[in-house]
Amino acid sequence: MENNGQPNKKSKWTIASSHMARRTYNPIRAVVDGMKLEPNPEKELISLSIGDPTVFGNLGPSQEMKDAVKKALDSGKSNGYAPSVGYEAGRAAVAKRFSLPDLPLDSKDVVFACGCSEALEMAILVMANPGQNVLIPKPGFSLYWTICTAYNVDTKYYRLLPERSWEVDLEHLESLIDENTNSIVITNPSNPCGSVYSKEHLLDICEVARRHRLPIIADEVYANMVFSNTKFYSVASLADEIPVLTCGGLAKRFLCPGWRMGWVLMQSRTGAFHEEVRKGLFNLSTRILGPCTLIQAALPAIFDNTQPEFYSHAMEVFEENAKLAYKTLHEVDGLTPVMPQGAMYLMCGLDSEYFRDIKDDQDFVEKLMCEESVFCLPAKVFEYPNFFRIVLSVPPEKVKIACQRIKEFCIRHKKNL
């Protein structure tokens with residue numbers, strides 16, 4: 001202020017952001033925003049980078065789903081606030097759908113969230129304190145790290161093995177556990193890998209958790225999204241005494257990520273969550289007051305009326321694209337695709353020694369975009385350099401064109417050995 005009491009017009013306001021805001025960092029955005037991504041104007045852009053199955057318009061919600069939401073809207077009964085944990089009828093529908101013969105659920109075991117992303121945040125924060133550590137997969141969904149880091153929860157990455165279809169390196173996982181370890185995050189089926197774990201492998205992971213009395217956070221937003229001759233097992237179905245917080249939602253299996261409908265399931269055969277975690281999740285739910293009430297109200301009809309053909313059609317698209325991409329990329333020197341078993345992604349290894357002017361996965365993606373207008377996601381964003389991820393929800397004809405362009409790009413940049 002100046003002496004006359006009038007504000008100094010030349011002064012500049014600078015408001016500092018909070019420590020938490022400064023710690024919040026999404027590796028995908030940080031890497032992609034810093035890349036030189038100028039497509040070739042002479043070629044149509046084909047983006048194989050975004051994990052949104054609706055982007056190209058070939059996949060989307062079923063008519064039954066849209067009818068259910070319209071009915072909820074027209075009823076005029078879902079325009080106000082719902083209980084912070086979600087409408088009773090919607091939670092009961094989720095409980096019914098995910099109950100197991102020896103682990104029945106009721107509405108009290110379900111808390112709604114604004115998408116599976118918020119469900120994951122709630123599941124992590126309801127158990128972990130600052131200074132504790134959570135074990136997360138590498139490569140893995142970057143949001144786990146983002147959530148933990150923002151709240152001063154440490155992370156430790158356990159290795160996945162590409163030569164074993166991305167199974168967990170069990171010895172490495174167990175070596176990371178110490179007195180500050182709070183929980184283990186398991187992603188099955190996997191983003192970014194497209195892996196689906198066998199019953200035997202999940203039992204092996206559960207045995208590690210049992211020995212160390214660690215709860216599991218199961219990210220199962222891709223539950224049941226598996227290719228032919230592959231079976232999905234939920235972690236909770238095999239966990240025996242181990243408490244499991246299962247995170248899921250409509251986004252991927254129901255092809256509506258923008259509807260932001262997620263949930264946390266409290267699955268424990270020993271009642272381990274009853275005393276504190278149930279109350280803790282309720283407390284966390286009061287911060288946001290739940291997802292859109294129209295989608296909550298429509299949920300029972302969405303589950304009851306959506307036909308099996310809806311799910312099978314989407315999986316046929318993903319599997320056809322996976323086979324097409326794998327076959328084409330497998331023929332290219334310097335590339336090592338790993339055939340997925342589910343979800344909607346394929347990871348492909350990159351050996352820069354085969355190329356005369358490709359340094360790493362980020363350099364590969366930038367130059368591919370510039371020359372061929374094909375955009376893949378460098379696996380650097382998943383803490384796994386020298387791989388890249390492609391999305392399998394694109395129309396098959398575009399996948400074919402994109403993979404052919406990748407092949408031609410690699411031939412053009414091949415080192416003369």
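This is a predicted model: local features need pLDDT of at least 70, side-chain atom pairs count only at pLDDT 80 or more; totals for chains, interfaces and linings use all residues.
**A walk through strands and helices**

Strand β11 (residues 345–350) and β14 run antiparallel, joined by five bridges. Strand β14 covers residues 387–391, and five of its five residues are buried. Pick out R389 in β14, and you will find M347 standing opposite. Now look for strand β13 (residues 377–378), which also runs antiparallel to β14 and is joined to it by two bridges. Here L377 is the residue that stands opposite R389 of β14.

Which residues of β14 lie on one side, and which on the other? F387, R389 and V391 are on one side, while F388 and I390 are on the other, and all of them are buried. In a regular strand the side chains alternate between the two faces of the sheet. Both faces of β14 are covered.

Let us move to another part of the model. An open sheet of eight strands is found here, with mixed pairing and the order β2-β9-β8-β7-β6-β3-β4-β5. Which strands form the edges? They are β2 (110–114) and β5 (167–168), and each of these pairs on one side only.

Strand β7 (residues 216–219) pairs with β6 in the parallel sense over four bridges, and I184 stands opposite I216 in β7. Strand β3 (residues 133–138) pairs with β6 too, in the parallel sense over three bridges. The bridge partner of L135 in β6 is again I184.

Helix α4 touches β2 and β9 (261–267), and its direction makes about 110° with that of β2. Helix α5 touches β2, β7, β8 (244–249) and β9, with a direction that makes about 125° with that of β2.

Strand β7, one of those touched by α5, has both faces covered. I216 and A218 are on one side and I217 and D219 on the other, and all four residues are buried.

Now turn to how helices meet one another. Helix α5 (residues 115–125) and helix α6 (residues 143–150) pack at an angle of about 50°, and their axes are 10 Å apart. The two helices are therefore oblique to each other, and the crossing of α5 and α6 is right-handed. On the α5 side the contact is made by S117, L120, E121, I124 and L125, and on the α6 side by L143, Y144, I147 and C148. Sorted by class, the residues in this contact of α5 with α6 are seven nonpolar, one polar and one charged. An α-helix has 3.6 residues a turn, so residues three or four places apart point the same way.

After α6 comes N152, whose phi is positive, near 60°.

Helix α4 (residues 88–98) and helix α11 (residues 293–305) pack at an angle of about 35°, with 7 Å between their axes. The crossing of α4 and α11 is left-handed. A89, G90, A93, V94 and R97 of α4 meet Q296, L299, P300 and F303 of α11. The residues of this contact divide into six nonpolar, two polar and one charged.

Note on methods: Residues are numbered from 1 along each chain as its sequence is written. Side-chain values use heavy atoms; hydrogens and water are left out. Axes are lines fitted to C-alpha atoms, for helices over the stretch in contact, and angles run from 0 to 180 degrees between N-to-C directions. A crossing is left-handed if the near helix is turned anticlockwise from the far one by less than a right angle, and right-handed if clockwise. Contact means heavy atoms within 4.5 Å. Ala, Val, Leu, Ile, Met, Phe, Trp, Tyr, Cys and Pro count as nonpolar, Asp, Glu, Lys and Arg as charged, and the others, Gly among them, as polar. Angles under 35 degrees count as roughly parallel, over 145 as roughly antiparallel, 65 to 115 as roughly perpendicular and the rest as oblique. Buried means under 20% relative accessible area, exposed over 50%, partly exposed in between (1.4 Å probe, protein chains only). Two strands pair if DSSP finds at least two bridges between them.
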